[in-house]
Amino acid sequence: MALSDFKVLTFDVVGTLIDFESGVLNAVRRIGGPAAAKLSDDEIFAPYLRGRELNYERSSEVMKLVYIHLAKELGLPADEASADSFQYAILQHPAFPDSAEALARLRKRYRLVAMTNADRSTFAFYSHTLGNPFHDSVTADEAIHPKPDPLFFAFNRGRQSAFGYKQEEILHVAQSQYHDIGVAKSLGYKTCWIERRQGQKGFGGTPAVPELTRPDYHFPTLAALADAVEAEKA
């Protein structure tokens with residue numbers, strides 16, 4: 001299919017549009033002081049992922065518990081004030097430099113739908129950071145079953161069908177092979193991998209996969225996707 005054949009773009013938000021990796025690293029190093037400054041990115045991400053796996057409830061409520069798990073593993077301050085500071089920091093994770101501008105361009109041509117494992121409270125902050133570009137959104141607390149559970153995609157498919165859109169008219173755009181690209185492809189969606197970690201080793205702040213799923217479209221940035229759409233229309 002040509003990019004212009006799609007009517008709906010569904011987006012992973014955290015990691016694709018919002019640079020949560022920088023947000024997590026900056027918060028841990030700020031709160032943890034000199035001891036945290038000595039740690040590599042991967043040394044921070046490993047206990048972060050274990051903490052998130054143990055506390056996968058609403059992001060607006062449990063990220064302090066994720067931090068406490070991380071801090072205890074790494075020997076960083078694990079007091080209540082430090083945990084609260086990390087919790088508040090998630091609401092201020094930055095957007096990637098190209099996200100808002102590219103979404104504004106894509107909105108002229110498509111229905112934009114957020115599909116995020118953030119909860120509604122946290123997503124409200126991220127949407128504001130991005131310029132509130134979405135026509136619709138589904139959050140983890142609404143879908144109940146977070147990605148990569150296929151039920152999340154089923155929830156959104158039913159929601160979009162109520163607006164008259166078919167699955168074959170949807171292109172799913174995401175960074176995470178684990179949460180999005182693999183499961184979406186297996187469910188028959190066309191996929192677009194925004195490889196935010198291109199040129200970097202490992203999987204950073206997202207879980208690793210044993211094998212990469214080959215997407216239908218592959219770009220290093222969201223801006224590159226928007227450029228491709230506009231070039232196709234020219």
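1. How much space lies in the second largest pocket? The figure is about 210 Å³. The model is a predicted one, and the values in this note are computed from it.

2. The second largest pocket has a lining of 15 residues. Those nearest its centre are E21, D41, F45, R197 and Q200. Two elements, α1 and α2, each give two or more residues to this lining. The most comes from α1, which supplies 4 residues.

3. Sorted by class, the lining of the second largest pocket consists of 6 charged, 5 polar and 4 nonpolar residues.

4. As for position, the second largest pocket lies between domain 1 (3–19 + 94–232) and domain 2 (20–91), because both domains give residues to its lining.

5. The largest pocket holds about 550 Å³ of space. Its lining is made of 29 residues, and Y48, R52, Y56, N117 and H179 are the closest to the centre. Two or more lining residues come from each of α1 (20–37), α2 (41–54), α3 (59–74), α6 (120–129) and α9 (177–186). The largest share, 5 residues, belongs to α2.

6. In the largest pocket, the lining divides by class into 14 nonpolar, 9 polar and 6 charged residues.

7. Domain 1 (3–19 + 94–232) and domain 2 (20–91) each contribute at least three residues to the lining of the largest pocket.

How values were computed: Residues are numbered from 1 along each chain as its sequence is written. This is a predicted model: local features need pLDDT of at least 70, side-chain atom pairs count only at pLDDT 80 or more; totals for chains, interfaces and linings use all residues. Side-chain values use heavy atoms; hydrogens and water are left out. On a 1 Å grid over the protein atoms alone, a cavity is a set of points where a 1.4 Å probe fits but cannot get out, and a pocket is an open set with protein on both sides within 12 Å along at least five of seven lines; lining residues have an atom within 4 Å of a point. Grid points are joined across faces, edges and corners, and a volume is the space filled by probe spheres set on the points. Ala, Val, Leu, Ile, Met, Phe, Trp, Tyr, Cys and Pro count as nonpolar, Asp, Glu, Lys and Arg as charged, and the others, Gly among them, as polar. Domain bounds come from an automatic or database domain assignment.
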